[in-house]
Amino acid sequence: MQPEIEHLASRFREELAGVADERALEELRIRYLGRKGALAGLFQDLGKAAAAERPAMGKAIHALEQVVAEGLAARKTALSACAEERLPAGFDPSLPGRRPWRGRRHILSAVLEEIIDIFRGMGFSVAEGPEVETDYYNFQALNFPANHPSRDSQDTFYVDDEVLLRTHTSPVQVRYMETHPAPVRIVAPGRVYRNEAVDASHAAEFFQLEGLYVDAGVTIGDLKTTLRQFAREFFGPRAELRFRPHFFPFTEPSAEADVLCFNCGGEGCRICGGTGWIELLGAGMVHPNVFRAVGYDPERVTGFAFGIGIERMAMQRYGIEDIRLFLENDVRFLSQF
Ligand SMILES: [Zn+2]
């Protein structure tokens, strides 16, 4: 007897779900609760059942009766709500709604903000400058003389002979030092431009974060300590840095810094191209000519500067292989982060 009652209960639920208007609901009510309905039949069977079975069976039938009555009442409320709101009859306002589409920060914004936070923690403040720059701030004041071959590596988009889209965030160093006396401790995040043939590892626009620390007695030891601390906070406490000599016009000496591959720990893997090290950033001690250009006395102050590519940091941390993905605005890519 019990399985029959359970079967009836599940059939009722199915039928209830299919009810689309009040007339169908009334028909369903009559089929179950009417004088000749399914429940009435069960009560008749109860009368014929053995005395020992009756209490349990009676309890089960009453439970079913309650399920049916409550189901009908809930559906009736839902249907009349549809009628009042002029909603389609099949609409059930008691069902959970569709999740609203929630936005999130772009992966590059998230990485940039994380990097800024790390440097804030070391006492750096944020400075910004224009993306449309003059030749003077982008090149000359940073010790790139006109017609010097070092400009070849930073071809850009020119508005005219004097005005261009900045190729790095380094002009912010010059603008900031022109208007603030030493000591200076800033990071300058922002978008930069290069006249590049776009491919998986080159973009014509990307983000950098410039760092600058100037004071009496700043040494290359301070530079290495600062960048090592940054690498450990960004890549994890086991991160190691190595510095390779390099050339930048606006620093002397200059270096490129590599981080020990966070994936293989130096043994060599796909992410580090088998070398065990990943190229991280460029850095160096501020060139005396840059100090002279902004009116600082290179005999009294020294300083270091560094430039971090934000796309590169994100690509290395998340294993992203194509820089173009950042700008394609494909939510399937963006929603992963
Ligand atoms: Zn590796």
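Where does Asn329 lie? The loop between helix 10 and helix 11 (331–334) holds Asn329. Point 8 returns to this residue. Helices (H or I, at least four residues) and strands (E, at least two) are DSSP runs, numbered from the N terminus.

1. **Basis.** This is a predicted model: local features need pLDDT of at least 70, side-chain atom pairs count only at pLDDT 80 or more, and totals for chains, interfaces and linings use all residues. Residues are numbered from 1 along each chain as its sequence is written.

2. Two strands pair if DSSP finds at least two bridges between them.

3. **Strand 5 and its partners.** Strand 4 (residues 184–193) and strand 5 (residues 205–215) run antiparallel and are joined by 10 bridges. In this pair, Arg191 stands opposite Phe207 of strand 5. Pro189 stands opposite Leu209, also in strand 5. Strand 5 and strand 9 run antiparallel too, with eight bridges between them. Here Val214 stands opposite Gly303 in strand 9. Eight of the 11 residues of strand 5 are buried, so this strand is largely enclosed by the rest of the structure. A residue is buried if 20 or more other C-beta atoms lie within 10 Å of its own, exposed if 12 or fewer, and partly exposed in between; the C-beta atoms are placed from the backbone.

4. **Nonpolar cores.** A nonpolar core is a set of buried Ala, Val, Leu, Ile, Met, Phe, Trp, Tyr and Cys residues joined through C-beta atoms within 7 Å. The largest has 56 residues. Ile186, Leu227, Ala283, Phe304 and Ile310 touch the most other members. Ala283 touches Leu223, Leu227, Ala255, Ala257, Phe304, Ala305 and Phe306, leaving out residues up to four places away in sequence. A second, separate core has seven residues, among them Val19, Tyr32, Leu39 and Val68. Contact requires C-beta atoms, placed from the backbone, within 7 Å of each other.

5. Axes are lines fitted to C-alpha atoms, for helices over the stretch in contact, and angles run from 0 to 180 degrees between N-to-C directions. Helix 5 (residues 107–121) packs on helix 10 at about 100°, with the axes 9 Å apart. The two helices are therefore roughly perpendicular to each other. Angles under 35 degrees count as roughly parallel, over 145 as roughly antiparallel, 65 to 115 as roughly perpendicular and the rest as oblique. Ile107, Leu108, Val111, Leu112 and Ile115 of helix 5 meet Ile310, Glu311, Met313 and Ala314 of helix 10. By class, this contact has eight nonpolar, no polar and one charged residues. Ala, Val, Leu, Ile, Met, Phe, Trp, Tyr, Cys and Pro count as nonpolar, Asp, Glu, Lys and Arg as charged, and the others, Gly among them, as polar.

6. **Helices 3 and 4.** Helix 3 (residues 38–48) packs on helix 4 (residues 54–85) at an angle of about 170°, and their axes are 10 Å apart. That makes helix 3 roughly antiparallel to helix 4. Helix 3 contributes Leu39, Leu42, Phe43 and Leu46. Helix 4 contributes Arg54, Met57, Gly58, Ile61, Leu64, Glu65 and Val68. The contact has eight nonpolar, one polar and two charged residues.

7. **Cis peptides.** Ala182 and Pro183 are joined by a cis peptide bond, with omega about 5°. Pro183 lies in the loop between helix 7 (171–179) and strand 4. The bond from Glu252 to Pro253 is also cis, with omega near 0°. Pro253 is in strand 7.

8. **Positive phi.** Asn143 is not a glycine, yet its phi is positive, about 70°. It is in the loop between helix 6 (135–138) and strand 3 (163–165). Asn143 counts as buried, with 20 C-beta neighbours inside 10 Å. Asn329 also has a positive phi, near 65°. Asn329 counts as exposed, with 9 C-beta neighbours inside 10 Å.

9. **Gly268.** Gly268 is in the loop between strand 7 (251–260) and strand 8. Gly268 is partly exposed, with 15 other C-beta atoms within 10 Å. Leaving aside neighbours within four places in sequence, Gly268 is in contact with Gly274, Thr275 and Gly276.

Definitions and conventions
Contact = placed C-beta atoms within 7 Å.
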